[in-house]
Amino acid sequence: MSRSQWTRGHVFRVLLSQRPDPSIISVTIFGLLVIFGLFSTVGQALAVQGSRPNIVLILADDIGWADPGFHGGDPDLTPSIDRLAEEGTRLNQFYVAPVCAPTRAALLTGRYPFRTWMDWRSEDFGKPDFLERLGMKLAHLPDGTPTRRIHALDSAERTVAEALGEAGYFTAIFGKWHLGEWLPEHLPMGQGFHHQYGHYGWGIDYNDYTIPHNAPAVFCVYDWHRNQQPLFEQGYSTDLIANETIRLLTERPQDKPFFYFVSFNAIHGPLEEIPRYRDQYDKRAAALKCLDDAVGRIVGAIDQHDLSRDTLVIFTNDNGGLTEQVNRPLRGTKNTTYEGGIRVPCVFRWPGKIPGGQEQDGMMHVVDLFNTFVTLAGGSLEQERPLDGMDMTGMIFDGQPSPRDEIIIEVAGSVRLPSIRRGDFKLVGDALFNLAVDPSETTDIADQHPQVVDQLKKRLAEVAKERPPLGELPLLMDPALPYVYGQEENRNAPEWLKRHVRAIRATQRQHWPPGETPWPQAPGKDGTIIYTLIAKYKSP
């Protein structure tokens with residue numbers, strides 16, 4: 001007999017031995033049934049709250065909804081990711097932001113990106129067409145050189161790394177940061193991480209570790225670091241990120257739990273030389289299979305170190321894929337607010353705590369990871385700036401209904417269409433969809449539900465008022481084209497790095513006609529964007 005069964009039987013025997021009025025017995029027994037039913041429902045969630053597991057969050061970049069085998073993709077490309085899904089629970093309604101940096105800001109802060117102006121990426125403040133949407137002009141240094149304004153995640157925000165650090169965790173980030181690339185207070189170790197490895201900007205060449213352009217400058221910048229010092233290495237970045245993660249699994253502090261944010265740049269462009277599988281697949285598929293290799297190696301190392309029963313592993317993605325083909329059957333792409341841009345694969349694995357081979361249909365947003373992680377860690381959610389995240393331990397560990405009924409996707413002031421989901425209804429600009437019957441958003445039903453449209457637009461307008469002022473952004477990147485990201489690192493850039501960067505810049509396209517740029521233009525007024533898959537803008 002289980003402890004809970006014995007407790008229930010014991011209570012009922014004591015109750016009946018007192019011989020009270022039968023009506024009292026019936027009411028009391030009903031109340032006890034409710035209480036014990038509730039306890040059995042939330043038992044696992046209560047058990048894990050404050051249990052201080054290790055947390056390994058693996059975030060892929062630009063994979064589509066249909067890429068994993070468990071979503072209908074080619075299973076030969078994602079066997080490790082699919083195995084993770086078999087051993088864990090898949091979340092079928094997990095939402096992120098439409099592009100990289102907003103998702104990372106939401107994850108790090110537990111707050112919608114518009115609250116920190118991180119629905120705008122740092123590089124957007126060097127792009128004239130993006131700045132035009134804000135009524136701003138491109139900045140210039142005193143000598144007239146065009147440059148970008150410094151924009152990053154506010155260092156006054158409390159990050160999940162800081163919250164977990166306060167709870168006694170060792171925190172590390174491996175791979176892509178994309179929340180500020182210049183001032184030290186905006187870099188990972190200024191935002192709560194004890195260990196940093198990887199790159200600061202939006203995307204790098206996987207083999208030479210340069211970001212192809214530094215808008216408005218059209219030439220590359222070096223972007224590979226360990227503990228915020230430039231790092232010379234050889235190898236494919238996907239493999240190197242896995243290597244460093246596995247090294248830190250071995251060399252981690254033994255007296256505390258750890259939070260590892262494994263933030264791959266794969267399979268974000270530019271996709272240049274892929275070290276494996278090119279004899280079988282195109283570049284994108286080969287890069288995806290290399291990513292799967294890396295995920296398998298990391299999870300395998302967790303198991304080999306006998307950490308699996310004490311470690312929550314999450315695999316997900318930062319936004320939708322670049323084409324509707326890889327997001328099928330969902331509509332839209334990265335940088336749009338349609339489902340294909342914001343609904344992504346997600347798996348939670350914790351053997352013995354989360355059942356394997358299961359699916360969960362509750363709604364969850366990336367901001368909820370903050371509250372969920374801190375709750376598991378036994379940390380504090382008390383802070384000066386209010387959280388948008390919700391604790392999802394009940395949904396994930398006990399299968400309870402999601403506490404979330406609404407997601408603020410975008411509000412006015414963003415470069416994308418104001419959008420919101422509430423229940424089954426979703427508003428994208430002026431178009432309304434019912435996701436329960438039309439998950440592919442094929443039929444606009446706004447004319448059939450004018451009251452719903454009015455309510456959702458009022459809600460968006462109300463929330464948009466909570467956006468803080470942007471300010472003048474007076475700080476400028478100087479020089480406009482550094483050798484390496486990180487102001488202090490560039491100031492002391494070693495000679496090997498300068499030679500490396502000069503050699504690559506000499507191979508890049510030297511001139512761009514007016515109106516052409518090596519980066520995609522801002523989304524159109526209809527909320528769509530076209531991505532052109534090109535190489536690293538090299539000279540013909």
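In which loop does Gln228 lie?

A: Gln228 lies in the loop between strand E9 (225-226) and strand E10 (229-230). Helices (H or I, at least four residues) and strands (E, at least two) are DSSP runs, numbered from the N terminus. The model is predicted: local features need pLDDT of at least 70, side-chain atom pairs count only at pLDDT 80 or more, and totals for chains, interfaces and linings use all residues. Residues are numbered from 1 along each chain as its sequence is written, and side-chain values use heavy atoms, with hydrogens and water left out.

The backbone at Gln228 stands out. Its phi is positive, about 60°, although Gln228 is not a glycine. Gln228 is also buried, with a relative accessible area of 13%. Here buried means under 20% relative accessible area, exposed over 50%, and partly exposed in between, with a 1.4 Å probe and protein chains only.

Asp62 is another non-glycine with a positive phi, about 75°. It sits in the loop between strand E1 (54-60) and helix H3 (79-87). At a relative accessible area of 4%, Asp62 is buried.

One joins Ala215 and Pro216, with omega about 10°. Pro216 is in the loop between strand E7 (210-211) and strand E8 (221-222). Another joins Arg328 and Pro329, with omega about 0°. Pro329 falls between helix H9 (324-327) and helix H10 (339-342), again in a loop.

Next, the aromatic side chains. Tyr197, Tyr209, Tyr222, Trp224, Phe232 and Trp496 make up one cluster. In total the structure holds 17 aromatic pairs. Rings of Phe, Tyr and Trp (its six-membered ring) pair if their centres lie within 6.5 Å; planes under 30 degrees apart count as stacked, over 60 as edge-to-face and the rest as tilted.

Take Trp120 and Phe130. The ring centres are 6.4 Å apart and the planes meet at 80°, so the pair is edge-to-face. Trp120 is in the loop between helix H4 (100-109) and helix H5 (128-133), and Phe130 is in helix H5, so the pair ties together parts 10 residues apart in sequence. Trp120 is buried, at 1% relative accessible area. Phe130 is buried too, at 1%.

Phe170 and Tyr260 also pair edge-to-face, 6.3 Å centre to centre with 75° between the planes. Phe170 belongs to strand E5 (residues 170-176) and Tyr260 to strand E11 (residues 258-263), so this pair links parts 90 residues apart in sequence. Both Phe170 and Tyr260 are buried.

Two arginines face tryptophan rings. Arg343 has its charged end over the ring of Trp65, 5.4 Å from the centre. Arg467 lies over the face of Trp117, 4.1 Å from the ring centre. A charge sits over a ring if NZ of Lys or CZ of Arg is within 6 Å of the ring centre and within 35 degrees of the ring normal.

In H4, 10 of the 10 residues are buried, so the helix is largely enclosed by the rest of the structure. Among them are Cys100, Arg104 and Thr109. The buried residues of H4 pack against E1, helix H6 (160-166), E5, E11 and helix H11 (368-377).

His449 gives a contrast. This residue is partly exposed, with a relative accessible area of 28%. Its place is the loop between strand E18 (431-434) and helix H13 (450-464). Neighbours within four places aside, His449 is in contact (heavy atoms within 4.5 Å) with Phe425 and Leu432. The C-alpha atoms of His449 and Leu432 are 8.2 Å apart, across 17 residues of chain.

Now the whole protein. It comes to 15 helices and 18 strands. Of its 540 residues, 59% are buried. Among contacts between residues at least 6 apart in sequence, 71% join residues at least 24 apart.

Last, confidence. pLDDT, the predictor's confidence in each residue from 0 to 100, averages 91, and 89% of the residues score at least 70. It stays under 50 over residues 1-20, where the model has 15 contacts beyond four places in sequence. Residues 22-41 also stay under 50, with 14 such contacts.
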